[in-house]
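Biologist: I have a new protein on screen and want a quick tour. Keep it plain, please.

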Amino acid sequence: MKMLTRQQIVRRIEKINERLKSYYAKEKELMAAKGIQSYTIGSRTISRYQYSSNIKEQIEKWIAENPDAYDKGVRSFWINAFASPWMTWEEIILKFLEAGTDPEKLQTVYNTQFGQLWEDRSCETDEEQLLARREMYNAELPDGVLCLTCGVDTQGNRLEYEVVGYGFHEENWGIEKGIIMGDPAEDDTWERLDGVIDRSYSFADGKKLKISVTFVDSGGNRTQEVYEQCNKRLRKRVFAIKGKSADGIPYVSIPKKVNILKGKEKKVVVGTAWLYTLGVDAGKDHIMSGLDVKEPGSRYSHFPLNDHLGYDATYFAGLLSEKMTYVNGKWKWEKIPGHERNEALDCRNYANAAFKSLRPNLDRIYRTLKELVPEKKPNPKKKYRKQKQRQSFEDEW
């Protein structure tokens, strides 16, 4: 498909507008000549007064669908930006075209310009498609991986984790999905997690990477134990997180210190830990839109075919276990019937948030892995200002 320039798009829109104006003028004349006040196309009624530029001529009026709210002095409207006197149709259409296929940008256009609900809020890719597109890794780390993070979900009797690799332009690779059975209140469970975090993961050429940041869910009934264990592993960049599900919460907020409480009633302060708050809804939106990317490159998600890495049908059922639904005037993530386990989705969400919090210099990592020496810019010669010769203070005697 040939990409059009902005000027070409504007010219085409101007031609469309000219045709529409001409059509409306002829349609109005024809209806007036025949004495037709309105006609119906499907379920839509078209009035000849719609083509008038004088609002006083309009015969339609606003009718409240919620009279109780109207009686209380509240009026609300569903109206799109095409009716705005402060914005041209060209500007609206250009915003739509510039949004392309990015679901986040399209959502903004639909909500703020078209005055419509954004209904495409979940992944169009199904489990079978994700299973079919898995690829065989020839090493622990495929080429393209530049940074590793780990997301950990805590349950009453286990820790579930996923190690994820990231490259340029948010391209990502599932590296390993696993389960560590054991009570999160026990040290032994966390020591086995250390085996995942402390490992060096290898490329085919023998070079290695370690996990840069680990985010651990502190929800549930093991909150204080998670705080304590994360604080012990602070030098490994293991942080506790708390997810919040609501609109407007940033994906990753600035961390804050929280108290670590012990004792029977959890009132004795024994230390502090760092806690990140995550807007998990924003993270899930980002995951689902990324899974719809079909070609390797920017935002594409790779998954291994290697059996021992944990990316089987159960994993993908968990990854696609939720969808956006519209309930009581609000959008919310809910589990899909038959998909009771969502740990895979949570682990990926936490790993992505860890990468976002890290903001690594991928260019520098790439040069290091490829042993590229950055070009040294020649140091400019310093220019010294010539000093004036001092005047002689010898007398003339």
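Modeller: One term before the strands: two strands pair if DSSP finds at least two bridges between them. Helices (H or I, at least four residues) and strands (E, at least two) are DSSP runs, numbered from the N terminus. This is a predicted model, where local features need pLDDT of at least 70 and side-chain atom pairs count only at pLDDT 80 or more, while totals for chains, interfaces and linings use all residues. Residues are numbered from 1 along each chain as its sequence is written, and side-chain values use heavy atoms, with hydrogens and water left out.

Biologist: How many helices and strands are in the protein?

Modeller: The protein has eleven helices and 13 strands.

Biologist: What share of the residues is buried?

Modeller: Of the 397 residues, 38% are buried. Buried means under 20% relative accessible area, exposed over 50%, partly exposed in between (1.4 Å probe, protein chains only).

Biologist: And contacts: what share comes from residues 24 or more positions apart?

Modeller: They account for 61% of the contacts with a separation of 6 or more. A contact is heavy atoms within 4.5 Å.

Biologist: Let's take strand S7. How many of its ten residues are buried?

Modeller: Seven, so to speak a mostly covered strand. S7 spans residues 208-217.

Biologist: Which way do S3 and S7 pair?

Modeller: In the parallel sense, over five bridges. Threonine 149 stands opposite valine 213 in S7.

Biologist: And S6 with S7, parallel or antiparallel?

Modeller: Antiparallel, with three bridges; S6 is residues 200-202. Serine 202 stands opposite lysine 208 in S7. The two strands form a hairpin with five residues between them. In that turn, glycine 206 has a positive phi of about 95°.

Biologist: What joins S7 to S8?

Modeller: Four bridges, and the strands run parallel; S8 is residues 238-244. Valine 216 stands opposite alanine 240 in S8. Aspartate 217 has isoleucine 241 as its bridge partner.

Biologist: How many bridges join S8 to S10?

Modeller: Five, again with the strands parallel; S10 covers residues 268-279. Alanine 240 comes up here too, standing opposite leucine 275 in S10.

Biologist: Now helix H7. Which of its residues are buried?

Modeller: H7 is residues 223-232, and the buried ones are Gln224, Glu225, Val226, Tyr227, Gln229 and Cys230. What covers them includes S3, helix H6, S7, S8, S9 and S10.

Biologist: Change of topic. Which residues have the most contacts inside the largest nonpolar core?

Modeller: Leu148, Val163 and Leu319, in a core of 56 residues. Such a core is a set of buried Ala, Val, Leu, Ile, Met, Phe, Trp, Tyr and Cys residues joined through side-chain atoms within 4.5 Å. Strand S4 (residues 158-166) gives the largest share of this core, five residues. A second, separate core has eleven residues, including Val213, Val280, Tyr350 and Ala353.

Biologist: What does leucine 148 touch?

Modeller: Not counting residues up to four places away in sequence, its contacts include Val163, Ile175, Tyr201, Leu209, Ile211 and Val213.

Biologist: Last thing. How much space lies in the second largest pocket?

Modeller: About 730 Å³. Of its 31 lining residues, the closest to the centre are Glu104, Tyr251, Ala282, His286 and Lys356. On a 1 Å grid over the protein atoms alone, a pocket is an open set of points where a 1.4 Å probe fits, with protein on both sides within 12 Å along at least five of seven lines; lining residues have an atom within 4 Å of a point. The volume is the space filled by probe spheres set on the points.

Biologist: Which elements give two or more residues to that lining?

Modeller: Helices H4 (103-112), H8 (280-291) and H10 (343-358). H8 gives the largest share, seven residues.
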